[in-house]
Amino acid sequence: MPTIVVDVMPKAELLDPQGKAVAGALSRLGENRFSDVRIGKRFELTVEGEVDEATLSRARELADEMLSNAVIEDVVNIEVVE
């Protein structure tokens with residue numbers, strides 16, 4: 001069954017305390033190659049049957065209306081994974 005994957009991230013201008021905590025932990029472990037960490041959400045929507053344009057369009061609507069909070073988050077990617 002195909003899956004529609006929706007990735008949601010905090011808006012760039014907002015603080016990401018979880019990301020800052022992970023970045024600090026990486027630094028304390030001596031891992032200095034990574035200067036910043038941002039943590040988001042991933043949703044996997046399993047689809048019965050084929051993914052047509054109507055199904056993908058509805059997934060986009062749900063991503064904007066329900067899966068993300070438009071005030072503080074952006075939907076950054078929607079893709080179909082077989």
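**Exercise 1.** Which residues make up the largest nonpolar core, and how many are there in all?

*Solution.* The model is predicted: local features need pLDDT of at least 70, side-chain atom pairs count only at pLDDT 80 or more, and totals for chains, interfaces and linings use all residues. Residues are numbered from 1 along each chain as its sequence is written, and side-chain values use heavy atoms, with hydrogens and water left out.

Step 1. Start with the terms. A nonpolar core is a set of buried Ala, Val, Leu, Ile, Met, Phe, Trp, Tyr and Cys residues joined through side-chain atoms within 4.5 Å. Buried means under 20% relative accessible area, exposed means over 50%, and partly exposed lies in between (1.4 Å probe, protein chains only).

Step 2. List the members. The largest nonpolar core has 8 residues in all: Ile-4, Val-6, Val-8, Val-47, Leu-56, Ala-59, Ala-63 and Leu-67.

Step 3. Assign them to elements. Strand E1 (3-10) and helix H2 are the elements that give two or more residues to this core, and H2 supplies the largest share, 4 residues. Helices (H or I, at least four residues) and strands (E, at least two) are DSSP runs, numbered from the N terminus.

Step 4. Look at one member. Not counting residues up to four places away in sequence, Leu-56 touches Ile-4, Val-51, Ile-78 and Val-80; contact means heavy atoms within 4.5 Å.

**Exercise 2.** How many salt bridges does the structure hold? Describe three of them.

*Solution.* Step 1. A salt bridge is a side-chain nitrogen of Lys or Arg within 4 Å of a carboxyl oxygen of Asp or Glu. The structure holds 7 salt bridges.

Step 1. One of them joins Arg-33 and Glu-31, with the closest N and O atoms 2.6 Å apart. Arg-33 is exposed at 68% relative accessibility, whereas Glu-31 is partly exposed at 23%.

Step 2. Glu-53 and Arg-60 form another, with 3.2 Å between the closest N and O atoms. Glu-53 is exposed, with a relative accessible area of 53%, and Arg-60 is partly exposed at 35%.

Step 3. Glu-61 bridges to Arg-58, the closest N and O atoms being 2.9 Å apart. Both residues lie in helix H2 (residues 53-67), 3 residues apart, about one turn of the helix. Glu-61 is partly exposed at 36% relative accessibility, and Arg-58 is partly exposed at 40%.

**Exercise 3.** Which residues form a nonpolar patch on the surface with about 250 Å² of accessible area together?

*Solution.* Step 1. Patches are made of residues with over 30% relative accessible area and no salt bridge: like charges are joined within 9 Å, nonpolar side chains (Val, Leu, Ile, Met, Phe, Trp, Tyr) within 5 Å. Accessible areas come from the Shrake-Rupley method with a 1.4 Å probe; for residues, only the protein chains shown count as cover.

Step 1. The patch consists of Leu-14, Val-71 and Ile-72.

Step 2. Val-71 sits in the loop between H2 and strand E3 (73-81), and counts as exposed at 64% relative accessibility.
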